[in-house]
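Subject: Structure handover

Hello,

Here is the structure I promised to pass on. Please open it beside this message, and then read my notes below.

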Amino acid sequence: MRRLATWLPPLLWTAVVLSFSTDDFSAVRTGNVIEPFLAWLFPSLSPQTIDLVHAVTRKGAHLTEYAILAALWLRAFHRSGAVRPPASAWLALAVAVVCAIVDETHQAFVPSRGPAAADVLLDSVGAMLAIVPARLGWGRTAELATGVLLWIALVGGLASLGISLAAGTGGGPLWITVPIAAAALLYRWSASARS
């Protein structure tokens with residue numbers, strides 16, 4: 001059971017991250033949800049500002065999803081004991097970078113998407129946001145950051161799901177990602193209660 005609890009979260013989150021490279025999460029699709037919502041919520045915003053908020057939201061999602069990805073892999077490598085701490089940080093970063101490359105390569109074959117080297121770099125920065133504090137010995141900071149990022153994934157996912165449902169777009173993979181974030185938070189809570 002411990003092995004499953006160690007390796008299942010990073011494997012599931014890797015699948016979730018890779019699912020974001022589909023047409024469901026193209027800029028056009030997310031724009032069809034976010035932009036009308038922002039225009040309704042803040043009617044005084046110019047179309048350029050709405051576009052900027054949409055772009056920043058998408059790039060923030062890159063940072064967040066890859067920080068969570070790297071943190072989960074780092075945690076799995078560390079807890080399994082299969083890789084020593086210095087190497088586990090590099091290996092977690094490598095997994096995140098490979099995932100980003102696979103993600104962007106996949107987008108080259110999705111008509112509504114396109115690959116971007118800048119996104120691989122942004123994803124790598126997101127991964128380092130989780131890895132660097134942990135590597136510097138700030139284990140508590142890394143644990144706190146992981147918790148904060150999971151809460152962002154849960155609350156942001158719930159908000160996005162609500163907006164998607166209100167816009168009539170269905171929610172797509174959010175039906176998977178939101179429960180995964182909730183399960184990870186529940187697991188963290190139960191693990192801390194046991195210790």
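Is Phe77 buried or exposed? Phe77 is buried, because its relative accessible area is 7%, under the 20% cut-off. Please keep in mind that this is a predicted model.

**Aromatic pairs**

I searched the whole structure and got five aromatic pairs. Two of them are described here.

Start with Trp7 and Phe77. Their ring centres are 5.7 Å apart, and the planes meet at 65°. The pair is therefore edge-to-face, since the angle is over 60 degrees. Trp7 sits in helix H1 (residues 2-19), while Phe77 sits in helix H3 (residues 47-80). So this pair ties together parts that are 70 residues apart in sequence. Phe77 is buried; Trp7, at 24% relative accessibility, counts as partly exposed.

Next come Phe37 and Trp40. Here the centres lie 5.9 Å apart and the planes are at 40°, so the pair is tilted. Both residues belong to helix H2, three residues apart, which means about one helical turn separates them. Phe37 is partly exposed at 29% relative accessibility. Trp40 is exposed, because its value of 63% is over the 50% cut-off.

There is also a cluster. Ring pairs link Trp7, Trp73 and Phe77.

**Around Thr6**

Thr6 is another residue of helix H1. Its relative accessible area is 5%, so Thr6 is buried. What does Thr6 touch, not counting residues up to four places away in sequence? The list is Arg75, Ala76, Arg79 and Ser80.

**The core**

The general background is brief: in soluble globular proteins, nonpolar side chains tend to be buried together.

The largest nonpolar core in this model has 37 residues. Trp13, Tyr66, Ile68 and Leu69 have the most contacts inside this core. Which helices supply at least two residues each? They are H1, H3, helix H4 (85-107), H5, helix H6 (139-167) and helix H7 (174-194). H3 gives the most, with 10 residues.

Take Leu69 as an example. Leaving aside neighbours within four places in sequence, Leu69 is in contact with Pro10, Trp13, Thr14, Ala96 and Cys99. Trp13 is on that list, and Trp13 is also one of the core residues with the most contacts.

**Around Glu35**

Glu35 lies in helix H2, which covers residues 27-41. Its relative accessibility is 25%, so Glu35 counts as partly exposed. Which residues does Glu35 contact, leaving aside neighbours within four places in sequence? They are Thr30, Ile50, Asp51 and His54. Asp51 is 16 residues from Glu35 along the chain, yet their C-alpha atoms are separated by 7.2 Å.

Leu121, Val125, Met128, Leu129, Val132 and Leu136 make a nonpolar surface patch of about 530 Å². Met128 is found in helix H5 (residues 117-135). With a relative accessible area of 36%, Met128 is partly exposed. Met128 can belong to a patch on this count, because patch residues need over 30% relative accessible area.

Best wishes

Conventions:
Residues are numbered from 1 along each chain as its sequence is written. This is a predicted model: local features need pLDDT of at least 70, side-chain atom pairs count only at pLDDT 80 or more; totals for chains, interfaces and linings use all residues. Side-chain values use heavy atoms; hydrogens and water are left out. Patches are made of residues with over 30% relative accessible area and no salt bridge: like charges are joined within 9 Å, nonpolar side chains (Val, Leu, Ile, Met, Phe, Trp, Tyr) within 5 Å. Accessible areas come from the Shrake-Rupley method with a 1.4 Å probe; for residues, only the protein chains shown count as cover. A salt bridge is a side-chain nitrogen of Lys or Arg within 4 Å of a carboxyl oxygen of Asp or Glu. Helices (H or I, at least four residues) and strands (E, at least two) are DSSP runs, numbered from the N terminus. Buried means under 20% relative accessible area, exposed over 50%, partly exposed in between (1.4 Å probe, protein chains only). Contact means heavy atoms within 4.5 Å. Rings of Phe, Tyr and Trp (its six-membered ring) pair if their centres lie within 6.5 Å; planes under 30 degrees apart count as stacked, over 60 as edge-to-face and the rest as tilted. A nonpolar core is a set of buried Ala, Val, Leu, Ile, Met, Phe, Trp, Tyr and Cys residues joined through side-chain atoms within 4.5 Å.
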